[in-house]
Amino acid sequence: MGGQKFEYDESGSTFFYFVLSFLALILVPATFYYWPRKRKEDPAKREELCQCPNCISKQHIIEQSQPYKGVKNFFIKLAIISGWVLLGFLAYKVSQFDYEMSNFDPYEILGLPPGATEAEIKKSYRKQSLILHPDKETGDEKAFMKLTKAYQALTDEEARRNWEKYGNPDGPGSMSFGIALPSWIVEKENSVWVLGLYALVFMVALPTAVGTWWYRSIRFSGEQVLLDTTEIYFYFCHKTPSMPLKRALMILAASCEFDKRHNSEIIERITDNEEVPMLLRELPNLGEKNKEQPLCRPYSIKARALLHAHLSRMRLPQDTLECDRRYIVGRCPDLIVEMVNCVNQLIALAYARRIPRLPTIETIENCMKLSPMIVQGLWEYKSPLLQLPYITEDHLKYFTNRKKHIKSLLQLAQLPGEDRRQVLRFLNDKQYDDLMKVLGKMPYIHFQVNTEVIDDENSTVVTAGAIVTVTVFLRRTNMKELFGDMSIKEKEIIKEEEEGGGENSEKPENDKNDKKETFKRPVWMKQQTKKHPASKKAKKTVAAKVQAKAPPAPSTPPPSSNETKKTKEPKKKDEEGEDSEVGSSDESASHSSGSDEESRQEKSSAAEDDDDQWEKFQKRLQKRERLEGRSKSSHPVHCPYFPQEKQEYWWCYICDRKSHTLLTAPAHVTALVDTHELQLRFTAPRWPGLYTLACCLRSDSYIGMDQQQDMKLDVKEAAAIPAEHPQWDLSDSDTDNNDQGGNESEFTTDDEVEEE
């Protein structure tokens, strides 16, 4: 390799091969992925879509939202077709190259038949050399060299042997290395243009592209939300640990995505000076007089007014405020997800004592409530039946009957067909069919919870301070399967004002004191006190004072007098058990043969336990692999007031209703097509007792689809750390053997081998 000489391609053949292969590598995948395709609409699926006026106008708006889609597809097709035309031209060019030594036949070059005599060969050579000699006017250097080689191959013995053996009178060809670029690139006349092109690409275009991408990417978080918006969420959620729904909506409207200084897509019109004040006068309790920054800025007040108008389903001017409403509402779901993540991080920081105030569970739940409200264009206190097409507030009186008062979508679906048609008698047949199609596609979630301690020997027993893994099984079915089925009971709705969670069975408390305390910390987070309280009432007052002063402390308080009595009783039982073991040792000595069989059985059972643990470990790995893949496709949502297509997503978390605290980070379920499995982990309380926690499932698309399942957590006292173990003690015989063989080598010497 050291003596090889690299040369540029003079003929241009290898350069065309390089360009041909490089272009093919780009064109084939680009054609497959970027060629515009028209989706063939299935007539059956189109008939299943809702045909209400709001849905039809929404589809029309979505189609008009991409006016340059046709022009973009045209240029994409033009670029791909031009690439294939260039590829075909290069393939033709390569096929036309004339290689000198390909199919070399000296008789054909001299124009003689095979077997011609030497005189005929010389005669033909002289005749053609007079024509093809380079000094003649008709000369051709390439053809003359080829003619000379053909003559030598037939007259020279060595050249003839090379031609017969290798097909070339010069012998076997040597390997050569070259650069698949034409030689004009390194010519002196073109050096300035080549260097200018290199400088333009690598010193101007590439740094500009990378810098633009970097500047745009560092301004956004993982959910494609501006970092300035995330900072606003952190500030206000930390400032108001117990945030009401109205203030959460106010903070959402203050997002920097709605400010023209941060987002160039925002349009400020002259007509806003007239239309926005008129809208503010129509909306009560808007809070436009708030003096907090940036809640008092014009863009925030305008966005807040448009969100209130959207939730009230008010009509706005089509060309101005309606366009702004569609843009603001379309950005809200991603912003709400970011707000939920911010509150979750603040809760984690409060548990770690990094911030003084712990946000309550109501704060993060109010943030979650904003998503279905904005998607459906409906206030939370409104009836869930208003999510169905053709139903307005004037029609709600038909759902109030003497026999049964219909309040939820599930109750409407469970009615018999005749009764349901009687309730919806204000609709004609076409409207009734549309409503039933929408109702039949709405979700019904089967919600199961399994609690275990994975890394413990007994996974079903929860001990104090253990890591509890809650596996949640979700199965989605359409509401259509429940039509007329009265056997299924309505799921328990999330009770936010509930006071019955996180209760210790060993320390019953007074009901009056429970009513007085509006916010309680979990029992396992109370701070340690020096003196035992004289009564339970005094204990409550101390806990309330500690809650007002400091964040939750992980230190565990000393057990009460009742608990010490209960802990002494098992110790007595353990001592009795030890005495019984000592008494039974004499009996076991007389049955040595039986103990051998038992030891064998124990070994076999231990092996089986190892196999079971290995299978569980493999299943756990498979679960992780399944959970790692995160898709964002589930089921379309019927939301005519939302300007974009929406998929069904869910939040799942565990909380303590009594102490108003969040125990696990909310899991965002985005791929619930048929079934889904997720795992939530939290630390068990440090106090033994019976606790009632709540596993909640919230929809981000529908109102009234939330569920809650109570979990009874029976926490046992953690086992003491063993100080002694039979395997840790060495017997006397082992120590004697070790003492005797302490000076002996573990290797066999040559003398010992000879003695054997």
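Two strands pair if DSSP finds at least two bridges between them. Strands (E, at least two residues) and helices (H or I, at least four) are DSSP runs, numbered from the N terminus. In this predicted model, valine 462 of strand β4 stands opposite valine 715 in β11. The protein chain has 24 helices and 11 strands.

This is a predicted model, in which local features need pLDDT of at least 70, side-chain atom pairs count only at pLDDT 80 or more, and totals for chains, interfaces and linings use all residues. Residues are numbered from 1 along each chain as its sequence is written, and side-chain values use heavy atoms, with hydrogens and water left out.

**Chain overview**

- Of the 756 residues in the protein chain, 37% count as buried (under 20% relative accessible area; exposed is over 50%, partly exposed in between; 1.4 Å probe, protein chains only).
- Take the contacts (heavy atoms within 4.5 Å) between residues at least 6 apart in sequence: 73% join residues at least 24 apart.

**The β3-β5-β9 sheet**

- An open sheet of 3 strands runs in the order β3-β5-β9, with antiparallel pairing.
- β3 and β9 stand at the edges with a single partner strand each, so one side of each has no neighbour in the sheet.
- On average, neighbouring strands here are turned by 20 degrees against each other, direction ignored. Axes are lines fitted to C-alpha atoms, for helices over the stretch in contact, and angles run from 0 to 180 degrees between N-to-C directions.
- β3 (residues 443-452) pairs with β5 (residues 467-478) over 10 bridges.
- Proline 443 has asparagine 478 of β5 as its bridge partner. Glutamate 452 stands opposite threonine 469 in β5.
- β5 also pairs with β9 (residues 675-683), over 9 bridges. There threonine 471 stands opposite glutamine 679 of β9.

**Pairings of β11**

- β4 (residues 462-463) and β11 (residues 707-716) pair in the parallel sense over 2 bridges.
- β10 (residues 689-699) pairs with β11 in the antiparallel sense, over 9 bridges.
- Tyrosine 691 has leucine 713 of β11 as its bridge partner.

**Packing of α11 on α14**

- Helix α11 (residues 245-253) packs on helix α14 (residues 321-351) at about 115 degrees, with the axes 11 Å apart.
- Ala248, Ile251 and Leu252 of α11 meet Cys332, Leu335, Ile336 and Met339 of α14.
- These contact residues divide into 7 nonpolar, no polar and no charged. Nonpolar covers Ala, Val, Leu, Ile, Met, Phe, Trp, Tyr, Cys and Pro; charged covers Asp, Glu, Lys and Arg; the others, Gly among them, are polar.

**Loops and backbone**

- A cis peptide bond joins glutamine 293 and proline 294, with omega about 0 degrees.
- Proline 294 lies in the loop between α12 (272-282) and α13 (298-311).
- Asparagine 285 is in the loop between α12 and α13. Its phi is positive, about 55 degrees, although asparagine 285 is not a glycine. At 61% relative accessibility, asparagine 285 counts as exposed.
- Arginine 353 lies in the loop between α14 and α15 (361-376). Arginine 353 has a positive phi of about 65 degrees, although it is not a glycine. At 47% relative accessibility, arginine 353 counts as partly exposed.

**Cysteines**

- The count comes to 0 disulfides, a disulfide being a pair of cysteine sulfur atoms within 2.5 Å.
- Cysteine 256 counts as buried because its relative accessibility is 6%.
- Cysteine 296, at 23%, counts as partly exposed.
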